[in-house]
Amino acid sequence: MSAFFVDALQQYGYPVLWLVVFCAAAGAPISGSLLLFAAGAFAALDDFKIFILFPVALSAAVLGDNLGYFIGRRVGVALIGWLEKQKRFRFITPQAMERGRAYFRRRAGWTIFITRFLIVVLGGPVNIVAGLELYPYPNFLFWDISGQILSVIISLGLGFLFARSWEEAAAVFGSISSLALALLVALFLFTVLVRRIRQRRTARRASIVEVEVIEPLQPQHGPAKPNTGSMLIPD
Amino acid sequence: MDAPGERIKLGLLCLLLLLMLGIVCSTAVGTYRAVRSFQQQNNALETGDVSTIRSWMTIHVVAHLYRVPEDYLSHTLSVSNPDVLRHSTLNQLASKKKQPVNRLIQTLQHAILDYRKTHHALSLSSPLRPSRHGSKTSHAVKTVPKPVLHSDTKSYSSTIGRPDY
């Protein structure tokens, strides 16, 4: 697939680059950054002009992201509304949607920014989710353009610098991106686990304190009974 | 006492975390290998190793990187209209010629090695970034002699050797 796009890039030039980057940014399962690496390399080998490549790639990426955002905003919202009415999925409720919206808004800026240049594979889905969660458009545009400027500079720059081995440079960048994603997910799981363990401990302590408070208050008539309260205390 | 559901959730979370740590290790190894491969490719390119020719390269790029005249390579591949096919990659040239791209690459590798044998003044000791302008060409490139071109037939000297397909 990538060989086909690289051949097309050499043959037809900037329009192919624009189209592929636009489709990749809109969420199509093709690698736009790989083609940017190739374009940077070809620019170093005198087949393209780097100062034309930059605006071409940036405009394509930003417009593709906007298309994804508006698909999420127009189609996604309507779809979720319809699913809410249908009540086919238990987890799609107005409360759950509101919680999700609030959660996304707290982290949306950085999420949009990072998925432009580091975890590129999540760029398309994040655009759709941003639209779906009705994230304010000016904020989306700001983070999107900032991230895409960095993304285009990194991809074209590395391609230009390592023109002779751009494929290997792209592979290194892709591996680093995968590693970052895996680390992020691992960190998230670790945080959730630690939080759960802490909640569990707090609940245990609370139950122990409750037992200790209740026991002295109990009136002791007649012979002493065995302490059944201690049964509640876990090991 | 914890509810059994809570314990199961915690267990699943631990399992997921372990799985994710395994994926992190695997991608870290992958990254290390990619970096190694990148270094090896760069070293091979700096020594002028012809095994680094790739299917995405055009004749112009191969000529530039391995310091061989473009006309010579076009002639070797029997490309009649090099100006038209200037932006054709080796992949595209191979499909036009209806032959595997590896075979085309092999032909080019032989041609470059033959050219080097014939023109042993070639110096590959100083690695180059591919120069984009003629005036910025390094001394190493300037010392490369041009292949002998017979003016009457417009063909290269037979000493260069043109591999058969």
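Helices α4(A) and α7(A) cross in a right-handed way. A crossing is called right-handed if the near helix is turned clockwise from the far one by less than a right angle, and left-handed if it is turned anticlockwise. Helices here are DSSP runs of H or I with at least four residues, strands are runs of E with at least two, and both are numbered from the N terminus.

Before going on, some ground rules. This is a predicted model, where local features need pLDDT of at least 70 and side-chain atom pairs count only at pLDDT 80 or more, while totals for chains, interfaces and linings use all residues. Residues are numbered from 1 along each chain as its sequence is written, and chains are lettered from A and ligands numbered from 1 in the order in which they are written.

Back to that pair. Two packed helices are described by the angle between their axes and the distance between the axes. For α4 (residues 50-86) and α7 (residues 137-161) of chain A, the angle is about 140° and the axes are 9 Å apart. The axes are lines fitted to C-alpha atoms over the stretch in contact, and angles run from 0 to 180 degrees between N-to-C directions. That angle makes α4(A) oblique to α7(A). The cut-offs are these: under 35 degrees is roughly parallel, over 145 roughly antiparallel, 65 to 115 roughly perpendicular, and the rest oblique.

Which residues make the contact? On α4(A) they include A:Phe54, A:Leu58 and A:Tyr69, and on α7(A) they include A:Phe140, A:Ile149 and A:Phe160. Contact means that the C-beta atoms of two residues, placed from the backbone, lie within 7 Å. By type, this contact of α4(A) with α7(A) has 14 nonpolar, two polar and two charged residues. Nonpolar covers Ala, Val, Leu, Ile, Met, Phe, Trp, Tyr, Cys and Pro; charged covers Asp, Glu, Lys and Arg; the others, Gly among them, are polar.

A second pair in chain A is α5 (residues 94-117) with α6 (residues 123-132), at an angle of about 150° and with axes 10 Å apart. α5(A) and α6(A) are therefore roughly antiparallel to each other. Their crossing is left-handed. The residues that touch include A:Phe104 and A:Ile112 from α5(A), and A:Val126 and A:Val129 from α6(A). The contact of α5(A) with α6(A) is made of six nonpolar, three polar and one charged residue.

Now chain A as a whole. It has eight helices and zero strands. Of its 235 residues, 36% count as buried. Buried means that 20 or more other C-beta atoms, placed from the backbone, lie within 10 Å of the residue's own; 12 or fewer is exposed, and in between is partly exposed. Among contacts in chain A between residues at least 6 apart in sequence, 75% join residues at least 24 apart.

One example is A:Phe22, in helix α2 (residues 14-26) of chain A. Is A:Phe22 buried or exposed? With 20 C-beta neighbours inside 10 Å, A:Phe22 is buried. Leaving out residues up to four places away in sequence, A:Phe22 touches A:Ala60, A:Leu63 and A:Gly64. Its C-alpha atom is 8.3 Å from that of A:Ser59, which is 37 residues away along the chain.

Next, where the chains meet. In the model, 35 residues of chain B are in contact with 33 residues of chain A. On the chain B side, α1 (4-46), α2 (59-66) and α4 (90-97) each supply at least two residues. α1(B) gives the most, with 20 residues. That side of chain B divides into 19 nonpolar, 13 polar and three charged residues.

Most residues other than glycine have a negative phi. B:Arg67, in the loop between α2 and α3 (70-76) of chain B, has a positive phi of about 55°. B:Lys98, in the loop between α4 and α5 (101-118) of chain B, has a positive phi near 55° too. B:Arg67 is buried, with 22 other C-beta atoms within 10 Å, whereas B:Lys98 is exposed, with 6.

Last, confidence. pLDDT is the predictor's confidence in each residue, from 0 to 100. Chain B has a mean pLDDT of 73, and 70% of its residues reach 70 or more. Within chain B, α1(B) is highest at 90, and helix α6 (residues 139-142) is lowest, at a mean of 37. Residues 124-165 of chain B stay under 50. Where pLDDT is low, the predicted coordinates should not be read in detail. The model scores ipTM 0.74 and pTM 0.75.
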